[in-house]
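This report describes selected features of a predicted model.

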Amino acid sequence: MSMFASIYVGSYETILKVFEKKNASQIREIDCQRFPIGIVQDIYHMGEISSDTIQKLADILKNMSDTVDMYKISNMDVYAGPTVGKASNYLLAERLVRGKSKVEMKLLSNSEQRFLSYMAVASMADFDKYISKSAVLVDIGGASLQITLFINGKVETTQHINIGTAIMRENLRRLSHYIDRKDQILQIMNKEIGGFINMYVPRDVEIENLIILEDNLTSIITELSGMSDDSFIKSEEYVDILDAIRNVNHSDSEDIYNIGINDSDILDALILFHKALVDNFCPKYIFTQNVSVNEGMAYNYYMKSKDFKLKHDFNQDILTAAWAIARRYNSYQPHLKALEYVCSSIFGSTRKYHGLENRCKLLLRCVAILHDCGKYISISQAADCSYSIIMNSEILGLSHHEREIIATTVKYAASPMDSYEFMADRFSEQEYVDIMRMVAIFKVANALDRSHRQKFKNIKVEVKKNELVISVEAKDSLSLEKGMFEKSADFFEEVFDLRPVVKEKRVLK
Amino acid sequence: MKKHISNYADELFDNRELSWLKFEHRVLNEAKDKDIPILDRLKFVSITSSNLDEFFMVRVASLKDMEHANYKKKDIAGMTPSDQLEAIAADTHELVKEQYNIYGKTLIPILLKHHIRIIDRFEELSVEQGQYVDKYFMEQVYPVLTPMAVDASRPFPLVRNKTLNIAALLKPNNPESKLSQGKRDEYEFSTVQVPSVLPRLVWIPSEKPYKDTFILLEQIIEKNIDQLYLHHDVLKAYPYRIMRNADFNLDEDDASDLLKEIEKQLAKRQWGEVIRLEIERDVDDDLLKELARQLDIRKDDIYKVDGPIDLTFLMKLYGIEGYNKLREKKYEPQLNPRIAPGDNIFEEIKKGDIFLSHPFETFDPVVDFIKQASVDKDVLAIKQTLYRVSGNSPIIEALEKAAKNGKQVTVLVELKARFDEENNIIWAKRLEKAGCHVIYGLLGLKTHCKIALVVRREEGSITRYVHLGTGNYNDSTAKLYTDCGIFSCSESYGEDATAVFNMLSGYSEPKHWNKLAVAPIWLRSGFINMIEKETENARSGEKALIIAKMNSLCDKEIIERLYDASAAGVEIHLIVRGICCLIPGIPGVSDNIEVKSIVGTFLEHSRIFYFYNKGLEDIYMGSADWMPRNLDRRVEIIFPVEDDGIKSRIKHILDVCLKDNTKAYLMQNDGTYVHINRRNTPGIGAQDTFCREAMEAVKSSDKGKVSRHFVPILAIDNED
């Protein structure tokens, strides 16, 4: 458990990092091998990964796996970034690479990839301090940007924008004959980033800190500003540094900044991104962080061990992001809170019977928080609309697939479950059963607050013989709830072989 | 690369080739030193001879190429290649003349006084000696000789680079013979190679009062040359030697297998243009004319010498048995005060960084580092750069063993290490066979850095042990070259060392280095920054001091920065063994710069750089000289020294070198070098001081007292 190797096949670079656990909350990088492979160029120009690139990638992965063997490490994850998956021949390429290198890589969805980067940066000791007031975290990737807004220390939203450095670099090249090519690119960036601000940043919120995740220009800036890895730089100084970098002849940049960017267009694209971010968000301070997906992969791995714990609560990020969506679509929050609470209580009490993993509890809480958001669009088609909203809203920390589980659970909470055959293309059998179990729990919880009036308090849930006894103290009559309860209880019994029973104790208001 | 604009006139720089020849004169001066035993003095003559060979094959050859290509660009001192060749020829003729003067007029008489005689003319042999020589010729030499005649049907044969040959003019002794019809009135030219498989210096019985007599092999052949041409009379015969252009250019882009390409180029080295011909002074004009015509050589490139050709044979004489009194007592490298034989080297390094100073201290710890790693069960990997290694290198052996023991062994063997190419190909193949991952250098760059990394798994965690040095991993030269090194297991060095090997393996360079400065990417700017920082400190009235010790200084940009620094008031002391294109003591330009050169028993080889830096005293060591090739075309490493104890030792080394007044020369503002005027002060020799100190350190260290030899008790003294 002490050593871990992560290989990340990014859109323009493949990176191996070897880590070992330093203490209960920190890791140490032992080795780092980076190799530039322009997969994104192939995809951009041909739509697929060329056979040369496939061969090169296989060679690199083989060499990297030899390094991993050298350290005698058995724990290794190999991920390919979402851009790589956009190649029309990805499945074939992956198999060819696997055949040649004996290394199997898994494709990350955008949300998984962003979460791993986020995990890497949020694992820093002072991260919670940086986001305590208001902060924007921008992860600049080869093919896209991920912008996450924090207000009062909590995730407000995270959005994925389809403009990245490699794409912008290609655009710069395409526009090379225009004198104002950089201005044109900057305009595109301003429009996209401005759109995010208009939509998601409340007017009364001033952005305190801008955290930029990207590991090329950030290293130059760290070098030039003389700042340590964990210090902020004032916005005005940052702009000066960007100008200084812009004014340097490209052929000198490698020499001057001690970095390996030998592609002047990438450097231009990066500078433009940094500038657009600073101009649009107008933060007081900027913080550049030199971390990669590989660190996130390592934290993700070590988090599975009981003796490793990060200070930052990533589950809380997911819940707050879900709440932000619920607020955006005007869901009735007292009902959602009551539901979240009851769902958690039932989940905890029936753990022995449902066998669901802890992660499912988190997903179930999200189901409770998000199940009503579709009503904002259509009351009659609420379940379907909720499904669509959930599927199209990024939640930092949840994978695309996990969102699909939540959305599907929400959908089937309002309509009869389809048989597995209808879902076999999206879920495994186990996942189908898990969804069914979550639907069962959710339905019972939802039935208890059918009136949306939270008539009960001090809920106690316990299993007695073959019954799930839900004891509540009710302020009002629970006749409606009890009437509606039976149907949900039938489904619950069918799934868990436990009969939910409500025991009501009337109390004064 | 940012363009550097020069502010200094050409006259303020010395030409690097002429500066190198000055170094050769300094080495030759050692042969004049009466305080040095005679055999050592002969050794210095031999060293100048082999140095000169290399100089011709590489430097002169390269200038010749430029001249042929009509390349007119001026060098640092404003000289075109033709100007340089002209000046080199004049200087070299002078040097060779001096060399033979010392040899013939000074050293040979001393040898005779010690009853050692070298016969370089067979006519001086006694009858008995002549018989002995004739017998030796027939039994040992004759079977391996292949005389080659030149005529219309037989073109001039390939005369191999650096081999000694005997040219002869022949005339048929039977004019009626059908074999020589049509050539009755013509001389014939023939050449025969003096076999390199036989010793050049042949011991023969002595006549009184001599104890030992030697004759040169070519004289034995000359004496018997008639035996080679039975149908001819040998009219004249003279030994000669040629030097060819040995500098080859590799088209690395097209060389898919660098190993094969170098092998191919090495074969071609035998065919390079002839750039120097050495022949005895009294050579026959006709024979010389014929030889010069066949070899297509200019008059300037012909060196007529007053004595035997190729004085490198004197190195063999230096080693003759029975004359220890005529040699400097051999210095035995002492134990490192921190490491005794048999110690677990990794445990010692864990206690703190270890400084190594060769040859005053033994090189064994470096060999043991790899040896112990090769059998250590916790060692996962060994990574090392090899530039020049010794024959039967114990390091190669240990690396092979490590690979066989399942360690991951990565070795960068620099195939382009000049004159060691063949040697290195052999090692590379051997290492590959043993299962090592061999990297044959980098495209377009020579890997000159000296670094070894051992990755060890200790209690579930990774610890990296690093050796960084200024000299090659060569246990033989480590006894002759002064070099420094450190062992460390600090995380920052370990991370950087890992990054170096990743870079050498083709991966991208790291985003940042913790400690190391690595050429060709960051080293030049690093040095420039440090010099500029001192300059700024001087300008703002603070103390500013630079002390730099290296083998060569010829980088124009660095020199100009040093001139700037001097003008700003920085005190600069340079200890430059060989080439120095900077000229000290020029008013307003370099008056604050002092240049010293130490030429002693050991070859000064360490590179140390000291910058006062407002009292922080930054000290760096490494593999790079201040030469364009080191800063721009090689992978070099310079590492900071941070341990206070080691810093003190290095400061002491610099201090003693600066105080040297016996073996040090001072460079004058006209570019010449003079011995230091001691003015009745006690003599201080840096190398002697370090030898003495190393011996004293062993005496006072616990390590030195530990005897690892078990003494068997062979007889019991029964006093009872």
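## Domains of chain A

Chain A is assigned domain 1 (3-107), domain 2 (112-296) and domain 3 (314-506). In the contact between domain 2 and domain 3 of chain A, domain 2 takes part with 14 residues and domain 3 with nine residues.

On the side of domain 2 of chain A that touches domain 3 of chain A, helix H4 (110-122) and strand S8 (154-161) of chain A each supply at least two residues. S8(A) gives the largest share of that side, with seven residues. By class, the residues on this side of domain 2 of chain A are five nonpolar, five polar and four charged.

## Val291 in chain A

Val291(A) is found in the loop that lies between strand S11 (285-289) and helix H12 (293-302) of chain A.

Leaving aside residues up to four places away in sequence, Val291(A) touches Ser117(A), Ala120(A), Val121(A) and Leu213(A). Ala321(A) is 30 residues from Val291(A) in sequence, and the two C-alpha atoms are 23 Å apart in space.

## A hairpin in chain A

Strand S12 (residues 456-464) and strand S13 (residues 467-474) of chain A run antiparallel and are joined by seven bridges. Within this pair, Lys457(A) of chain A stands opposite Glu473(A) in S13(A).

S12(A) and S13(A) form a hairpin, and two residues lie between them. Lys465(A), in the turn, has a positive phi of about 50°.

## The six-stranded sheet of chain B

Chain B contains an open sheet of six strands with mixed pairing, in the order S2-S4-S3-S7-S8-S9. Why is one side of strand S2 (148-150) and of strand S9 (302-305) of chain B left without a neighbour in the sheet? Both stand at the edges and each has a single partner strand, so one side of each has no neighbour there. On average, neighbouring strands of this sheet are turned by 30° against each other, direction ignored.

Strand S3 (residues 164-172) and strand S4 (residues 188-193) of chain B run antiparallel, with six bridges joining them. Ala168(B) has Ser190(B) in S4(B) opposite it. Helix H2 (residues 38-68) of chain B packs on the sheet, where it touches strand S7 (232-244) and strand S8 (274-280) of chain B. The direction of H2(B) makes about 135° with that of S8(B).

## Domains of chain B

The domain assignment divides chain B into domain 1 (144-197 + 226-306), domain 2 (345-512) and domain 3 (519-703). Taken over C-alpha atoms, the centres of domain 2 and domain 3 of chain B are separated by 27 Å. In the contact between these domains of chain B, 26 residues of domain 2 meet 26 residues of domain 3.

Which elements give two or more residues to the side of domain 2 of chain B that touches domain 3 of chain B? They are strand S10 (354-358), strand S14 (446-447) and strand S17 (481-488) of chain B. The largest share of this side, five residues, comes from S17(B). The side of domain 2 of chain B that touches domain 3 of chain B has 13 nonpolar, seven polar and six charged residues.

Terms used. Residues are numbered from 1 along each chain as its sequence is written. Chains are lettered from A and ligands numbered from 1 in the order in which they are written. This is a predicted model: local features need pLDDT of at least 70, side-chain atom pairs count only at pLDDT 80 or more; totals for chains, interfaces and linings use all residues. Two strands pair if DSSP finds at least two bridges between them. Helices (H or I, at least four residues) and strands (E, at least two) are DSSP runs, numbered from the N terminus. Axes are lines fitted to C-alpha atoms, for helices over the stretch in contact, and angles run from 0 to 180 degrees between N-to-C directions. Two residues are in contact if their C-beta atoms, placed from the backbone, lie within 7 Å. Domain bounds come from an automatic or database domain assignment. Ala, Val, Leu, Ile, Met, Phe, Trp, Tyr, Cys and Pro count as nonpolar, Asp, Glu, Lys and Arg as charged, and the others, Gly among them, as polar.
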